[in-house]
Amino acid sequence: MQGQGIPPTVNVLLQLRDFRAPEFEQLMPCPARPCASYNPRMHSNLMKPGAVVGASSLLEALLAARLHDPFSYLGARVEHDYSLVRVFYPYARHVWINTGSEFEPMARAHPAGVYEFRSAATPPMPYRLRIEEERGPTAGTLIHDTHDAYAFTPEISDYDLYLFNEGRLRQAYRMLGSHAMEIGGINGVLFSVWAPNAGRVSVVGAFNQWDGRIHQMAIHGFSGIWILFIPGLPPGSLYKYEIRNRDSGEILLKTDPYATRYELRPQTAALTPADEESFWQDAKWLADRAVLDWLRAPLNIYEVHAGSWKRHHDGRFYSYRELAQHLIPYVREMGYTHIELLPISEHPLDESWGYQTTGYFAATSRHGSPEDLKFFINACHLEGIGVILDWVPAHFPQDAFALSRFDGSALYEHEDPRLGLHQDWGTCIFNYGRNEVKSFLLSSAHYWLAEFHLDGLRVDAVASMLYLDYSREAGEWLPNKYGGRENLEAMDFVRELNIMVHQDFPGALTLAEESTSWPGVSRPTYIGGLGFSMKWNMGWMNDTLSYLRNNPVFRRFHHDLLTFGQLYAYSENFVLPLSHDEVVHGKGSLLGKMPGDAWQQFANLRLLFTYQMTYPGKKLNFMGNEFAQGPEWNCMRGLSWDQLRCEQHRGVKAALHDLNHLYSSISALHQLDFSPEGFAWIDCHDADNSVISYLRYACDGSFALIALNFTPVPRVHYRIGVPVEGTYHEVFNSDSHHYGGSNLGNMGHINASSQPWMGRESSIVITLPPLGGAIFCLETP
């Protein structure tokens with residue numbers, strides 16, 4: 001069966017049912033007449049809510065779009081001593097069935113479109129139909145051949161269902177959603193969806209005039225999963241699920257949570273999958289990644305919003321392939337090691353930047369197809385660039401077409417708004433304690449890493465997941481079973497997520513955006529940690545930007561903002577983020593945060609980047625930071641690339657270019673980012689001059705010396721202690737004229753003297769530029 005393209009989770013049976021209900025013998029052929037247009041609420045009201053559907057009511061249930069088990073009435077079966085085939089085509093004028101040698105007419109058993117064929121011989125299975133449909137007063141009729149969906153009885157592996165219901169199915173996307181396949185030589189699409197509180201689920205689309213009566217799905221045992229194979233459905237067919245809640249009778253039209261493709265917003269239908277070509281050429285990249293010591297490797301992330309890095313002159317987005325053509329060479333030339341994409345999972349609202357996800361298994365169609373995204377990632381890997389996805393398992397929007405109250409009940413979220421509603425964003429919070437929801441989220445993470453060869457996940461809003469009282473006042477939240485505020489189910493989910501990623505995808509990273517002092521976020525689960533590879537250092541970011549906002553005259557009074565971070569710098573594996581969150585919502589750009597005149601603003605920004613790139617921790621910068629974009633980021637237009645016509649903006653870009661390459665090439669700047677052995681203060685007490693100096697060490701004992709002056713006053717003949725005597729040279733100066741600075745620095749060699757200073761036996765005398773930083777290395781013989 002697998003050789004015919006059938007997922008291993010699905011077994012499809014072609015069978016005849018033995019159904020000997022004598023009341024169906026009384027159905028007599030009726031004259032053909034057009035069927036009234038379908039109204040799901042009108043038809044569902046043909047039966048009273050809560051009514052029990054018995055054998056004698058199956059026809060009524062079919063016409064009311066309330067047939068819980070359509071195979072009990074439709075399809076092929078044996079009744080008494082003859083074979084019966086019953087089909088439902090409400091828009092057909094005539095229906096014929098292929099009996100092997102010819103097409104014979106089927107009798108109209110009900111004027112609403114029920115047709116039957118009875119004979120002593122069983123028609124070839126799966127039986128083939130010929131349909132004549134009325135296409136309107138001017139279009140005439142259409143005759144076409146097809147196979148009937150109810151000639152195929154699909155089943156799902158009991159083991160996969162068990163894992164799904166236990167919250168341990170990591171590849172639920174192979175079982176649920178829509179899957180193109182060939183069964184018995186017949187091409188079609190298998191649909192399956194989890195909706196345990198539905199009384200009826202139908203697949204609807206243009207192929208059945210969005211009529212929920214035509215393709216009613218069958219419930220699979222007590223699993224809550226509905227399933228149906230529709231033959232002949234081509235790739236790219238639009239579809240949704242029409243769901244009737246079994247208690248209220250409410251009719252909902254929902255898109256497929258497990259779909260891998262959606263139509264372009266503002267439309268919201270899913271698309272049946274297309275044939276994919278395998279073009280991956282990154283086997284060496286993945287093999288090298290699996291054995292990489294990422295703790296000691298450089299990690300320098302360029303954070304990108306695909307919709308606004310650049311745009312065409314007419315406002316169109318760049319496609320994934322166009323990004324491969326333009327973004328990858330830029331990132332490589334600038335010296336970044338990774339691209340982090342803001343969420344590219346499908347989302348309806350551009351202004352959400354992707355953080356209000358509705359398609360957890362689909363790349364947004366704004367930039368092309370899933371194959372186009374794979375092309376981009378493959379191209380990144382071939383150029384030595386990793387790709388990290390911003391992933392959002394913390395919450396989802398309340399849009400009526402998506403996950404919210406999916407089957408008329410709080411299915412993916414909590415019923416109680418004290419648990420299920422995120423007050424800041426007006427979104428729903430996932431119910432991490434529900435096993436099927438856990439399978440959904442774990443499978444989403446698995447899908448992106450497995451199918452798209454991504455190198456990591458940046459997990460958004462982890463703090464909001466971990467705390468039950470996150471952004472809530474007293475009385476607005478419910479404690480856990482021990483009376484605490486920790487979300488125990490979310491903790492378990494996060495640990496399982498990280499275990500899965502590290503086991504199944506060697507070398508892939510998970511990065512937590514976690515803004516509190518929760519302990520052990522980036523520590524292994526086997527010692528009680530959450531298991532993330534790294535955690536964003538929001539404390540460093542907030543302290544640093546707060547310090548730099550001060551006029552240099554007053555920075556001496558806030559010196560502790562530069563030094564306090566070393567008290568916790570090695571409690572986690574930290575990333576130093578200057579992210580999109582710091583340049584939106586009225587916060588201004590990084591350049592706009594800097595005080596002083598224009599020259600001082602640019603000098604401050606170059607100094608900030610020098611501090612970031614030499615301080616312990618991996619690095620992240622949002623696009624536009626690298627050339628000191630002046631305006632605040634606006635997701636609705638491209639970056640202000642025209643500012644690179646200005647020398648000062650080009651200077652910042654050149655400075656960060658050189659810092660990026662130094663960071664990767666000087667082992668001392670990255671090998672021991674997470675270890676206190678990799679850092680030592682030279683002097684952290686010179687608050688009066690607003691100067692700090694420190695050493696960064698590599699595993700082999702080599703080091704880099706960094707000195708930073710946070711005032712516009714040059715510090716000439718400034719003596720600092722050094723670990724050894726020898727000859728030092730300046731490898732970087734943020735005040736260089738190449739970067740738009742005043743070119744005050746240290747030319748030539750600097751010989752250390754034996755004069756003790758700052759607790760060290762040797763020292764050097766240097767010139768510290770105004771609002772500038774310098775990096776020195778010891779010359780080797």
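At the start of α3, a side-chain oxygen of S157 comes to within 3.2 Å of the backbone nitrogen of Y159. The model is predicted: local features require pLDDT of at least 70 and side-chain atom pairs pLDDT 80 or more, while totals for chains, interfaces and linings use all residues. Residues are numbered from 1 along each chain as its sequence is written, and side-chain values use heavy atoms, without hydrogens and water.

Helix α3 spans residues 158-166 (helices are DSSP runs of H or I, at least four residues; strands are runs of E, at least two; both are numbered from the N terminus). D160, L161, L163 and F164 of α3 are buried (under 20% relative accessible area with a 1.4 Å probe, protein chains only; exposed means over 50%). These residues lie on the same side of α3 because they cover an arc of only 165° around the axis, taken from the directions from the helix axis to the C-beta atoms. D158 and Y159 are exposed on the face turned away from the buried side. Among the elements covering the buried residues are β13 (186-194) and α8 (435-452), by contact (heavy atoms within 4.5 Å). Just after α3, G167 has a positive phi of about 80°.

| Cavity | Volume | Lining |
|---|---|---|
| Largest | about 130 Å³ | 15 residues |

A cavity is a set of points on a 1 Å grid over the protein atoms alone where a 1.4 Å probe fits but cannot get out; lining residues have an atom within 4 Å of a point. Volume is the space filled by probe spheres set on the points, which are joined across faces, edges and corners.

Key: 1 Å grid on protein atoms, 1.4 Å probe; cavity = no way out; pocket = protein on both sides within 12 Å on 5 of 7 lines; lining within 4 Å. Polar contact = N/O pair within 3.5 Å; in protein donor to acceptor, adjacent residues only side chain to side chain.
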